[in-house]
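Hi,

Here is the structure I promised to pass on to you. My notes on what turned up in it follow below.

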Amino acid sequence: MAHKDYVARKVGIEYEGIFCFDDLYKHLKTWLQRRGYTLQESGYKELKEELTRHIKISINAEKEANDYVKYGIELTIKLDNLKELKKKGENKLLHQGKVSIEFDAFLLKDFGNKWNKNPVLLFFREAYDKFVIGGQLEKMERELKEDVYKFTNEIKSFLKLLKL
């Protein structure tokens, strides 16, 4: 099994107000795809109440750095107390409610499971990671952290939040 090294955990953004969820979702997907990530929606749950909806969407984004390491981002989008709004004269559907986006970013090492066949190979994988490509892994971690920072700021600016 591949080994996950988490670079960022439970990074989150919350926004409450009026927004267009369709535009937000497209923007998230486009931003990740432009940076070479492939996306897979791994979960969708919806609970309808009388006047509102609650939605939870899980998305996995991956990008191969080389034949040994992949960048990974696991997104969870939660929409609470979601109400649909329509403006007169516009075809765009707006929503009012609370949106929270949380994600974890990680390096997925040995995703081809070449080094996990027995304990000896596992030992050599750890030695390889530490002594042979340790510097490269640190550079990849920095690049992934930078992607996470840029992605967070992009979402905040899209939702018109202040950057901290």
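Ile 73 touches Leu 32, Tyr 37, Ile 59, Asn 60, Ala 61, Phe 103, Asp 104, Ala 105, Phe 106 and Leu 144, leaving aside residues up to four places away in sequence; contact here means heavy atoms within 4.5 Å. Before I go on, please note that this is a predicted model, where local features need pLDDT of at least 70, side-chain atom pairs count only at pLDDT 80 or more, and totals for chains, interfaces and linings use all residues. Residues are numbered from 1 along each chain as its sequence is written, and side-chain values use heavy atoms, with hydrogens and water left out.

Ile 73 is also among the residues with the most contacts inside the largest nonpolar core, together with Ile 77, Val 99 and Ile 101. That core has 37 residues. A nonpolar core is a set of buried Ala, Val, Leu, Ile, Met, Phe, Trp, Tyr and Cys residues joined through side-chain atoms within 4.5 Å. Buried means under 20% relative accessible area, exposed over 50%, and partly exposed in between, with a 1.4 Å probe and protein chains only. At least two core residues come from each of β1 (3-19), α1 (21-34), β3 (53-64), β4 (69-86), β5 (93-109) and α3 (134-158), and β4 has the largest share, seven residues. Helices (H or I, at least four residues) and strands (E, at least two) are DSSP runs numbered from the N terminus.

Now for the largest pocket. About 210 Å³ of space lies in it, and 16 residues line it, with Lys 10, Leu 75, Thr 76, Glu 102 and Phe 103 nearest its centre. On a 1 Å grid over the protein atoms alone, a pocket is an open set of points where a 1.4 Å probe fits, with protein on both sides within 12 Å along at least five of seven lines; lining residues have an atom within 4 Å of a point. The volume is the space filled by probe spheres set on the points, which are joined across faces, edges and corners. β1, β3, β4 and β5 each give two or more residues to the lining, and β5 gives the most, with five.

Thr 152, in helix α3, is buried at a relative accessible area of 9%. Beyond residues up to four places away in sequence, Thr 152 touches Val 11, Ile 13 and Phe 103.

Happy to talk it through!

Best wishes
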